Amino acid sequence: MAFKPTKKYNPYLDPATDNMPISDEAQKVVNTPVEKPNGLGQDDLSLAEMIVKLVDEGKINLYRPSSLLNQDVYDKLDDAKKAKIDKMSFNMLTTVRDIYNFYKSPYSNNSYQFENMLQKFRILKEETEKECGDVYVL
């Protein structure tokens, strides 16, 4: 079966309504994260509170990846593992920044979006620490 190109690429797009203004109420509904009926689990809640506490106390700087590191463990790693940790620290700090900003936002922390941020952080941390040891302060 051969592909036959047409001028109409998306059958669900109505060009007459493309780029039409969206009402403030509709925009508010679209931007509000979906709440979890049962809320966050205790592990996720504890992780979020710990991250926020460390940032508020200045122990984690949201723009300095090295602030995530347990320096004693990091210094004992070989150069290849240090390079991996350096790269992962940027990714993890981005996630920490997202978690912190969402936690402080007016949105409810009992959302699927917030839970996914926390789980992403936990997975990155656990996978890295499995190979390199307890290298993060969290």
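This is a predicted model: local features need pLDDT of at least 70, side-chain atom pairs count only at pLDDT 80 or more; totals for chains, interfaces and linings use all residues.
Me: Let's start with helix 2. How many residues does it have, and how far does it reach?

Reply: Helix 2 runs over residues 42–56, so count 15 residues by the DSSP run. From its first C-alpha to its last it reaches 21 Å, close to the 21 Å expected at 1.5 Å a residue.

Me: Which residues of helix 2 are buried?

Reply: The word buried stands for under 20% relative accessible area. In helix 2 that gives you Asp-44, Leu-47, Ala-48, Ile-51, Val-52, Leu-54 and Val-55. They sit on the same side of helix 2, because they cover an arc of only 165 degrees around the axis.

Me: What do those buried residues pack against?

Reply: Look for helix 4 (79–104) and helix 5 (112–132): the buried residues of helix 2 pack against both of them. Now turn to the face of helix 2 pointing away from its buried side, and you'll find the exposed residues Gln-42 and Lys-53. Just after the helix, Gly-58 takes a positive phi of about 85 degrees.

Me: Okay, single residues next. Is Thr-128 buried or exposed?

Reply: Thr-128, which lies in helix 5, has a relative accessible area of 2%, so it counts as buried. If you set aside residues up to four places away in sequence, Thr-128 touches Ile-85, Met-88, Gly-133 and Tyr-136.

Me: And where is Leu-69?

Reply: Leu-69 is in the loop between helix 2 and helix 3 (71–75). Leaving out neighbours within four places in sequence, its contacts are Tyr-74, Ile-85, Ser-89, Val-135, Tyr-136 and Val-137. One of those, Tyr-74, has Lys-82 lying over its face, at 5.6 Å from the ring centre.

Me: Speaking of rings, how many aromatic pairs are there?

Reply: The general idea is to check how far apart two ring centres are, with 6.5 Å as the limit. By that rule there are 3 aromatic pairs. Take Tyr-103 and Phe-114: their centres are 6.4 Å apart and their planes make an angle of 40 degrees, so the pair is tilted. Tyr-103 belongs to helix 4 and Phe-114 to helix 5, 11 residues apart, and the pair links distant parts of the chain. Phe-114 counts as buried at 0% relative accessibility, while Tyr-103 counts as partly exposed at 25%.

Me: Last topic: how many salt bridges does the whole structure have?

Reply: You look for a side-chain nitrogen of Lys or Arg within 4 Å of a carboxyl oxygen of Asp or Glu. Searching the whole structure that way turns up 7 salt bridges. Among them is the one between Glu-115 and Lys-36, at 2.7 Å from N to O. Glu-115 is in helix 5 and Lys-36 is in the loop between helix 1 (24–31) and helix 2, 79 residues apart. Glu-115 is buried at 12% relative accessible area, and Lys-36 is buried at 17%.

Me: Which residues are linked in a network of salt bridges?

Reply: Lys-53, Glu-57 and Lys-59 are. Glu-57 meets Lys-53 at 3.9 Å, N to O, and it meets Lys-59 with the closest N and O atoms 3.4 Å apart. Glu-57 is partly exposed at 41% relative accessibility, whereas Lys-59 is exposed, with a relative accessible area of 54%.

Notes. Residues are numbered from 1 along each chain as its sequence is written. Side-chain values use heavy atoms; hydrogens and water are left out. Helices (H or I, at least four residues) and strands (E, at least two) are DSSP runs, numbered from the N terminus. The expected span of a helix is 1.5 Å times one less than its number of residues. Buried means under 20% relative accessible area, exposed over 50%, partly exposed in between (1.4 Å probe, protein chains only). The arc is that of the directions from the helix axis to the C-beta atoms. Contact means heavy atoms within 4.5 Å. Rings of Phe, Tyr and Trp (its six-membered ring) pair if their centres lie within 6.5 Å; planes under 30 degrees apart count as stacked, over 60 as edge-to-face and the rest as tilted. A charge sits over a ring if NZ of Lys or CZ of Arg is within 6 Å of the ring centre and within 35 degrees of the ring normal.
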